[in-house]
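Biologist: I'm new to this one. Can you put it up and walk me through it?

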Amino acid sequence: MEPEIDVEVGLWDAELESLLLRVGERFGRVEPRRRMRDYVRGLLGPVGRKNSWQLAEHAGNATPYGLQRLLSWCQWEPDEIRDDLQNYVAERLGQPDGVLIVDDTGFLKKGTISAGVQRQYSGTAGRTENCQIGVFAAYASAKGRALVDRELYLPKSWTGDPDRCRAARIPEGRSFATKPELARAMVRRALDSALPIAWVTADAAYGQEWHFRQILEEARVGYVLAVPKSQQVKTPAGSWRIDHVLAGAPAEAWERISCGDGAKGPRVHDWAAAKLPTIDGCDPTHYRWVLARRSLARPEEIAYYLAFAQADVTVAELVRVAGARWAIEECFQAAKNECGLDQYEVRRYVGWYRHITLAMLAHAFLAAMTAHALEKGAGETVRAASFPSPWQKSEGCWTLPIPPQPGTTHLGAVSTGPDGDAATRPSPATATISTARTPIG
């Protein structure tokens with residue numbers, strides 16, 4: 001067995017060396033290039049807490065000043081490393097049906113000096129804490145998952161205080177941007193990268209924002225986005241809350257499907273999905289959907305989604321994408337536990353981006369090597385398994401009637417976006433729901 005272990009160790013070392021050589025070209029001088037290599041190897045090594053002091057000790061340095069300088073004053077652009085990271089993930093984990101996932105995570109901090117820190121809600125802590133918030137994008141496929149982009153959220157208490165921003169080395173041109181605005185910028189970058197992205201998914205904080213959905217529809221990229229139960233589904237025939245739309249689903253419309261494996265096995269829920277009507281007279285390539293997930297143990301707990309997909313999509317595929325959202329939580333956990341994503345002690349804006357980017361690079365390497373180790377075995381698999389009532393069944397599909405307004409004769413457009421020019425008058429239209437069940441197994 002020892003020769004096999006030696007071969008595997010040699011393979012990992014060669015892969016890491018190749019990755020470090022690739023990103024090393026972004027450094028103009030040999031000193032920061034060597035420090036970057038020490039930093040990444042330390043993030044991957046058996047270091048108790050992965051801050052500059054302990055990483056320097058792991059590298060055999062007498063002081064941490066060299067690594068601190070790497071994060072603070074050396075001339076290099078973390079965005080260039082991010083671009084290399086995305087290319088690396090595309091090569092090692094890319095699949096045609098890949099999913100881009102957007103979410104944010106908190107970094108608990110003390111004091112008021114660290115860039116972007118203030119008392120704010122952190123989903124990581126589940127409460128309001130003194131923390132920084134980072135908005136992230138992850139890429140997931142059947143081969144694995146890895147973080148591929150990041151932005152630091154700066155509250156108005158920061159962007160409205162030029163002196164405070166200057167002390168934290170925040171660029172002068174950086175103005176206030178909401179988390180969905182940061183997410184949109186990352187999605188655009190990802191779509192322009194080498195990453196093969198067929199789908200985007202995110203939680204309700206992003207899914208409820210019309211502009212976020214709009215850029216995906218314009219790019220003809222599918223999405224399955226969580227939304228609050230109060231989300232409005234607008235049509236020329238009227239506007240309904242999404243929970244009212246799906247409340248009329250008959251018992252037969254609910255399918256028991258797994259949205260992927262979790263720590264305790266398949267994550268099985270009851271799902272109902274309805275396709276929304278399209279503009280009269282057109283032959284669209286994509287449709288909008290409404291989707292609901294109901295807990296088996298607590299049927300009163302229902303989560304809601306808006307989706308956009310090609311005309312031939314199956315409900316099982318929409319469910320798979322909805323379930324893929326949890327991959328970013330696994331990325332956060334792995335990157336924090338194994339690569340020190342949250343163990344930095346830098347306070348300035350540039351230091352945050354540099355540490356986070358190098359930690360993401362280390363995590364992507366681990367994801368690539370895990371994918372290689374699983375290549376000959378079983379990799380990650382996914383087990384597929386108001387509009388008024390009653391819903392009607394016709395030709396193998398559920399139909400969801402949309403009532404006409406009095407005196408209307410023409411079919412109008414359906415929109416889940418903001419109020420627009422709905423000049424055409426609607427006539428009875430239908431939304432359809434697939435009844436084909438994919439077995440769980």
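This is a predicted model: local features need pLDDT of at least 70, side-chain atom pairs count only at pLDDT 80 or more; totals for chains, interfaces and linings use all residues.

Biologist: How many helices and strands does the protein have?

Modeller: There are 14 helices and 15 strands. Both are DSSP runs numbered from the N terminus: H or I with at least four residues for helices, E with at least two for strands.

Biologist: And what share of the residues is buried?

Modeller: Of the 441 residues, 51% are buried, meaning under 20% relative accessible area (1.4 Å probe, protein chains only).

Biologist: Let's pick a helix. Which residues are buried in H4?

Modeller: H4 covers residues 65-72, and Leu67, Leu70 and Leu71 are its buried ones. Looking down the axis of H4, they fall within an arc of 90°, so they line one face of the helix. That arc is taken from the directions from the helix axis to the C-beta atoms.

Biologist: What covers them?

Modeller: The cover includes helix H2 (30-44), helix H3 (52-59) and helix H14 (349-374).

Biologist: How does H14 sit against H13?

Modeller: The axes of H13 (residues 327-339) and H14 come within 10 Å and cross at roughly 105°. Axes are lines fitted to C-alpha atoms, for helices over the stretch in contact, with angles from 0 to 180 degrees between N-to-C directions. So H13 is roughly perpendicular to H14, a label for 65 to 115 degrees.

Biologist: Which residues make that contact?

Modeller: From H13, Cys331, Ala334, Ala335, Glu338 and Cys339; from H14, Ala359, Ala362, His363 and Leu366. Contact means heavy atoms within 4.5 Å.

Biologist: New topic: are H8 and H10 roughly parallel or perpendicular?

Modeller: H8 (residues 179-192) and H10 (residues 210-218) pack at about 10°, with axes 9 Å apart. That makes H8 roughly parallel to H10, the term for angles under 35 degrees.

Biologist: Which residues meet there?

Modeller: Pro180, Ala183, Arg184, Val187 and Arg188 of H8 meet His211, Phe212, Ile215 and Leu216 of H10.

Biologist: What comes just after H10?

Modeller: Arginine 220, which takes a positive phi of about 55°.

Note on methods: Residues are numbered from 1 along each chain as its sequence is written. Side-chain values use heavy atoms; hydrogens and water are left out. Buried means under 20% relative accessible area, exposed over 50%, partly exposed in between (1.4 Å probe, protein chains only). Angles under 35 degrees count as roughly parallel, over 145 as roughly antiparallel, 65 to 115 as roughly perpendicular and the rest as oblique.
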